[in-house]
2 protein chains.
Amino acid sequence: MTTTYGIGLMSGTSGDGVDAALVDFSGGAVRVVATRFLPYPKKLREEVFRASRPDGPAELICRLNVELGKLFGKAAVALCKQAKVPLKQVEFIGSHGQTIRHQPDGKNGVSSTLQIGEGSEIAAITGRWVVSDFRPADIAAGGCGAPLAPLAHYVLFSDKHEDRVVHNMGGISNITWLPAGAGIGGIAGFDTGPANMPLDMASAHFSKGKRAYDKNGALAMKGTVDKKMYAHCMAHPFFKKKPPKSTGREAFGPLYFAGLLKKFGAVKESDFLRTLAAVAASSAVDQVFSFCKPKRALRWIVCGGGAFNKALLYEIRARLAGRGALTVSSQLGCGEKDIEAVLMAALAYRTLNGLHGNIPKVTGAERTAILGKISIP
Amino acid sequence: MTTTYGIGLMSGTSGDGVDAALVDFSGGAVRVVATRFLPYPKKLREEVFRASRPDGPAELICRLNVELGKLFGKAAVALCKQAKVPLKQVEFIGSHGQTIRHQPDGKNGVSSTLQIGEGSEIAAITGRWVVSDFRPADIAAGGCGAPLAPLAHYVLFSDKHEDRVVHNMGGISNITWLPAGAGIGGIAGFDTGPANMPLDMASAHFSKGKRAYDKNGALAMKGTVDKKMYAHCMAHPFFKKKPPKSTGREAFGPLYFAGLLKKFGAVKESDFLRTLAAVAASSAVDQVFSFCKPKRALRWIVCGGGAFNKALLYEIRARLAGRGALTVSSQLGCGEKDIEAVLMAALAYRTLNGLHGNIPKVTGAERTAILGKISIP
C-alpha cells in the first residue's frame, strides 16, 4: 500500500517551540511515523509573549508572523531529515501557528482569535501544500474556535468498550469525553482551565528566571497543598461555566498569576507549585464528573507536557479515587506531547478532502466547517 | 457562452471602506460587470488607523480581523444584490483585506506585511470559495509584497501600439509601465511615494477633523505651490531609490505629516494642499522618466481616488509637458477607483487556476508565486 504522508506543526500557549509530527494516513488509519520538537530561541519566546499581550504591538506581530512561519517550515524540514523521508513524499502540511490572542467571548459582539506563523512562508520553504490557521473558520461558524483536539483524540483513542477521557495538559488544560462506542457525534470536550501556564510562571518567578518550569514536577512533589490558596483558586468562575467553553492566556496568564502572587506570594515555592498542580488536576476531574456524567469507571488518558509532571499525575489519581484508571498516552501509541501536532496533520487531511474539522458540540459552533486556509507552493 | 463570475474586494491604505467589483472572466477576457463601495463606519476607520500604528494593540487587531472580514463579506453580498446576480453564480471571491502593517525593508533580516479581514468570515457569509491575503506569498518568495496592481493594469490597459503608464493614486501612489506590445515579462512597476495620504491628513488637520479630504481637489486648485515646502518634500530619499520598491503608511503616514506640519505649519491650507499635489504628481512623473526611460510620447492613464483630484491631474499634465497625454481610466472601460478590486478578482482567478500572481521584476521577488490562501465555505 502506498503511503500518504502529512506533517502537523503545533505550538501551544506555553510558547516554547514547535512540535512536528510526520503522520501516515494511508488506508484511513492514523500512524505516527516520527516526531520532533524545535524549541524557540529564548529571544523569540520573549517576543511571542510580548506580542500576545492585549497591547502586543502591530509592528512585532507583523514581523513574528513571518519569523514563526520560517521556523515552522524549518521544523518540517528537520523532521523529514530525521525520519529519512524526502519532503517531496509529504503530500501536505497542517500548521496551527502560534496563538497571539484568543478572544472567543464576543466582546463588542465579535468573537475572534489570532494565530500567526505565515502559511505562505511554510509553503515556500517546504514546497508543500500548507493548510494553516484552523480556528477562525470555527469562529465564523459561531464557535469558540477551540478546542479542536477532540478530533485527534477521537481518531487516536476512542474505544468500543471503554468510556475514555483524554486530558491534554498544555499551558491550558482541555479534556475530551469519548463514551464507549460513540461516533464523532458522541464526543464532548472543553477547556477546563489552567495547567502548565501558571506552574511555569511560578517556576520562573521563584527561580528569578533561572528555571522555565519544574522538571517532572519534582519540586511540587516535595510540597503540600496550601488550603487557602487552593480554595481561592478553585473558586474561579470558569470552572463552573457550562461547556462548550474555551480559555487562554487572557484568563490564566500574567494577570491571573500576578493576582495569585499578591495574595499568596508568601507561600513557599514547593507548596505554591503543588497547590497549582492540585487545582489543575481537581478542576479537570471535577468538571468531567459534573458535566459528562460518566456512569461507570473510566480510563483517564493523560497527554501534553503536563503528563510528565508527577505532581499533576498524583493529584489526578488522588481525585479519581476509584472512579477511573490513569494511563499516559504513549502507552496507547502516541507520545504525550505529539497529539496536537498529529491533530494539525489530521485537520489538514480533512480540509484537503473536503471534510469538516470542527465538532460543533465541542466548540459551540452552529454548524460543521471546513477549517483552515490553503497555501499553494 | 457561460459566465465565470468572480468578485474582488479591496481596501486601500486610505482605510475608507471596501471597493467591490463583480468581474466576468469568461473567455479569458476581463469584463467589469458592476462595482460598489461600502464605506467603513467612522469608528471602525479610527480603529483601523489605531491598529495600523507600530504599537497597534494585538487585542484590537484580533477583533478587527473578524469585524473587517464580516464587512468585506457584506460588501460582496450587497454588490450581488445591486447587480441582480445571485451569489451562488459567483465562483470565487478574492479579498485583499486591510493593510495593518507593511514592513518590506527586512529589519532584523525579516520582510513582512500584515493584512487583516478574515477570509473564513467572508467564506462563511457568502458561501463562496475565498482567496485572501495575497501579499505574504510574494514576501516569502523574496519580494516586497507590493505592488500587485500591475497585473490588473496589464490585463486591462496594455496596448500593442502605444507605450502606457498606469498611475494609481490611492493613499500611496504607484505606477505601472506597459511598453507597447510587451508581454507580462515587459511590465515594470513600483510605488512612487505619497498621494492622497498626506493630502487627506492635511484636510483633516486644517478643518479640525471636519473634512476627511479635499473634494475634487477644489481647495488645492485655489492654492499655489510653496517652493520651500516643495523642495523639502521632493528631497525625500525614497524618490531616488531604484525600483523595485514599495512604501506605505510607515514612511508617508502620521509621522511624516507631523514632520511637515512642524516645518511648514504656517503655510496656508490651499497652498499646503497644492504643494502636496505637486509633490505627488512630480515625483511620479520624474520617476517614470528616470527609471522607465520611455523613448516616445506615452499615454498616462490615471486611476485611484486621486484621479478625481483636479490639482493632481493639473500638476501631472504640467509635468508631462508634451512628453505624454493624460487619460482617466474610466475612458478605457474601468472606473478610476475600481481597478484594485478588479485586481483582487483577477488574482483569485489566477490562484485557483494554479497561475502565479506576482511579477518578480515588479515586486523584487526571486521567483513567481501563487498568491493568497484559500478558504473553503
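Student: At what angle do helix H5 of chain A and H13(A) pack?

Tutor: Let me first say that this is a predicted model: local features need pLDDT of at least 70, side-chain atom pairs count only at pLDDT 80 or more, and totals for chains, interfaces and linings use all residues. Residues are numbered from 1 along each chain as its sequence is written, while chains are lettered from A and ligands numbered from 1 in the order in which they are written. Helices (H or I, at least four residues) and strands (E, at least two) are DSSP runs numbered from the N terminus. With axes as lines fitted to C-alpha atoms, for helices over the stretch in contact, and angles running from 0 to 180 degrees between N-to-C directions, H5(A) and H13(A) have axes 9 Å apart and an angle of about 95 degrees.

Student: Does that make H5(A) roughly parallel or roughly perpendicular to H13(A)?

Tutor: Under 35 degrees counts as roughly parallel, over 145 as roughly antiparallel, 65 to 115 as roughly perpendicular and the rest as oblique. The angle here is about 95 degrees. H5(A) is therefore, relative to H13(A), roughly perpendicular.

Student: How many nonpolar residues does the contact of H5(A) with H13(A) have?

Tutor: Residues are in contact if their C-beta atoms, placed from the backbone, lie within 7 Å. On one side are A:Leu151, A:Ala152, A:Val155 and A:Leu156 of H5(A), and they meet A:Ile339, A:Val342, A:Leu343, A:Ala346 and A:Leu347 of H13(A). Ala, Val, Leu, Ile, Met, Phe, Trp, Tyr, Cys and Pro count as nonpolar, Asp, Glu, Lys and Arg as charged, and the others, Gly among them, as polar. No polar and no charged residues take part, and the nonpolar count is nine.

Student: Which element gives the largest share of the side of domain 1 of chain A that touches domain 2?

Tutor: Chain A is divided into domain 1 (5–146 + 341–375) and domain 2 (150–332), with bounds from an automatic or database domain assignment. In their contact, 21 residues of domain 1 face 24 residues of domain 2. Strand E5 (98–103), helix H13 (339–352) and helix H14 (360–363) each supply at least two residues of the domain 1 side. The largest share, four residues, comes from H13(A).

Student: Which helix provides the largest share of the side of chain A that touches chain B?

Tutor: The contact takes 38 residues from chain A and 40 from chain B. Several elements of chain A each supply at least two residues, including helix H1 (42–52), helix H2 (58–83) and helix H3 (119–126). The largest share, eight residues, comes from H2(A).

Student: Which residue follows H2(B)?

Tutor: H2(B) runs over residues 58–83 and reaches 37 Å from its first C-alpha to its last. That is close to the 38 Å expected, which is 1.5 Å times one less than its number of residues. After H2(B) comes a residue with positive phi, near 55 degrees: B:Lys84.

Conventions
Two residues are in contact if their C-beta atoms, placed from the backbone, lie within 7 Å.
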